[in-house]
Amino acid sequence: MDFVESREWLDAAWREALDAGDQEPDPEVDQLTNSRVKSIRYAIITQLLGKIADPERNLLALQQRDDGQGSWDARSFAKKVIVPWEADNHGVLGSSSEPYASKPLRRTKLYRGMDNVRNAGDWEALVEFLEPLESAPSENLHDAFKRVMASLARMLAEQQITYPIPQRIGLPQLMNILEAFLATSSGGLRPLAVATALFRIAGEGFSLFDDVQSQGINEADAASGMPGDIMCRKGGELCLVIEVKDQNLTLADAQSSTRKAKESGAGLTDLLFAVPATRRADDDDIAELFSRNFAAGLNIYVAQIQSLSYHAFALLKEEWRVRFVREICSELDARQEQPARKAWHDLLLGLN
């Protein structure tokens, strides 16, 4: 099947899954379609459908090579078939325009014990699921694809979340639910969603910014054209770039992010690291790095998201807290991260 025929086949399989209605959970597949690693969600459907479209393809291959081993261009297949399909279906995989631009997928093939990848256990689970299907009968491959479609259909049904947003929220209450929400590791998703919402609300409330943009988790800054995780502008002029991390800032991270921001050509003068803290062993070296950059015209700051939130909403009127909560809901919905959305929903429910 070519790209057009593959899309038609995918649409038919998706309609069948949706028409089937509620089905029992499938833990083996659900952990992949709802993975915290967005690239894995795209990879499981891309690799399976690519193999179905052409059985001569190697299910684990990622790049086209002249080696006679069934290699093929999975990135192009994802961009031409999966990405537009997903855009027409509520961003069920996470709304990425270039899912195969992530480092784990920029190699010749998937394999057990993949090196130099974050969340190695998640990638291992993907390979363990796909590998036996490479040489299995075609009906096994089709059955696996139906399981993926059914899992995505269940996930889409669960995504219809109505958040119990309170009419009023005290500052101590707000800080408590933020602390609880950010305490769970999420690969950077939760702090990025909260920080984006915070700078949008604070930017409007204090008339600091009129445009705040953020990128997706696991999306390379270079690929997105952004010098950092969040960019704040006013009147078209870049005012502030924020790097968000859910772990303590190391010297290597500070050096890399500072270099990236300076080399972006964006005329940046202010860079903020929204992190829990700096790594104690690197404190002196990080301070020296910041001092050198200050002399070169770049102001660098470090602050906790919770601390920034407390001081911002201690100064803004009460209604801005509710708007902040709503903005976090919108950010989580836009990123289609079901576990984080459910966690935020439950924390809000506890306020009522």
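This is a predicted model: local features need pLDDT of at least 70, side-chain atom pairs count only at pLDDT 80 or more; totals for chains, interfaces and linings use all residues.
1. Start with the strands. Five of them build an open sheet, in the order β1-β2-β3-β4-β5. The pairing in this sheet is mixed. Its edges are β1, residues 211-214, and β5, residues 299-303. Each of these edge strands pairs on one side only. Neighbouring strands are turned against each other by 20° on average, direction ignored.

2. **From β1 to β2.** β1 and β2 run antiparallel, and 4 bridges join them. Find Asp 211 in the structure: opposite it, in β2, stands Arg 233.

3. **The hairpin.** β2 covers residues 230-234 and pairs with β3 in the antiparallel sense, over 5 bridges. Together β2 and β3 form a hairpin, with 2 residues between the strands. Gly 235 sits in that turn. Its phi is positive, about 60°.

4. **From β3 to β4.** Here the pairing is parallel. β3, residues 237-244, and β4, residues 270-274, share 4 bridges. Ile 242 has Leu 272 of β4 as its bridge partner. Glu 243 stands opposite Phe 273, also in β4.

5. **How enclosed is β3?** Of the 8 residues in β3, 6 are buried. The strand is therefore largely enclosed by the rest of the structure.

6. **Helices α8 and α13.** Now the helices. Two packed helices are described by the angle between their axes and the distance between the axes. α8 spans residues 189-205 and α13 spans residues 319-335. They pack at an angle of about 135°, and their axes are 9 Å apart. Angles from 65 to 115 degrees count as roughly perpendicular and those over 145 as roughly antiparallel, so α8 is oblique to α13. The crossing is right-handed.

7. **What meets in that contact.** On the α8 side, the contact residues include Leu 189, Leu 192, Ile 201 and Glu 204. On the α13 side they include Trp 320, Phe 324, Ile 328 and Arg 335. By class, the contact has 11 nonpolar, 2 polar and 6 charged residues.

8. **Helices α3 and α4.** This is a second pair to examine. The axes of α3 and α4 (residues 74-87) come within 10 Å and cross at roughly 110°. That angle makes α3 roughly perpendicular to α4. Among the α3 residues in the contact are Tyr 42, Ile 45, Leu 49 and Ala 53. Among those of α4 are Phe 77, Val 81, Ile 82 and Trp 85. The classes here come to 10 nonpolar, 3 polar and 1 charged.

9. **Helix α5 and its cover.** Which residues of α5 (120-130) are buried? They are Asp 122, Trp 123, Ala 125, Leu 126, Val 127, Phe 129 and Leu 130. The list includes a charged residue, Asp 122. What covers these buried residues includes α2 (27-33), α3 (38-53) and α6 (138-158).

10. **Ser 151.** This residue lies in α6. Is Ser 151 buried or exposed? Its relative accessibility is 2%. Buried means under 20%, so Ser 151 counts as buried. Leaving out residues up to four places away in sequence, Ser 151 touches Val 29, Asp 30 and Thr 33.

11. **Gln 306.** Compare a residue in another helix. Gln 306 is found in α12, residues 305-315. At 26% relative accessibility, Gln 306 counts as partly exposed. Which residues does Gln 306 contact, leaving aside its neighbours within four places in sequence? They are Met 175, Glu 179 and Leu 182. Gln 306 and Pro 191 are 115 residues apart in sequence. In space they are 9.7 Å apart, C-alpha to C-alpha.

Methods:
Residues are numbered from 1 along each chain as its sequence is written. Side-chain values use heavy atoms; hydrogens and water are left out. Two strands pair if DSSP finds at least two bridges between them. Axes are lines fitted to C-alpha atoms, for helices over the stretch in contact, and angles run from 0 to 180 degrees between N-to-C directions. Angles under 35 degrees count as roughly parallel, over 145 as roughly antiparallel, 65 to 115 as roughly perpendicular and the rest as oblique. A crossing is left-handed if the near helix is turned anticlockwise from the far one by less than a right angle, and right-handed if clockwise. Contact means heavy atoms within 4.5 Å. Buried means under 20% relative accessible area, exposed over 50%, partly exposed in between (1.4 Å probe, protein chains only).
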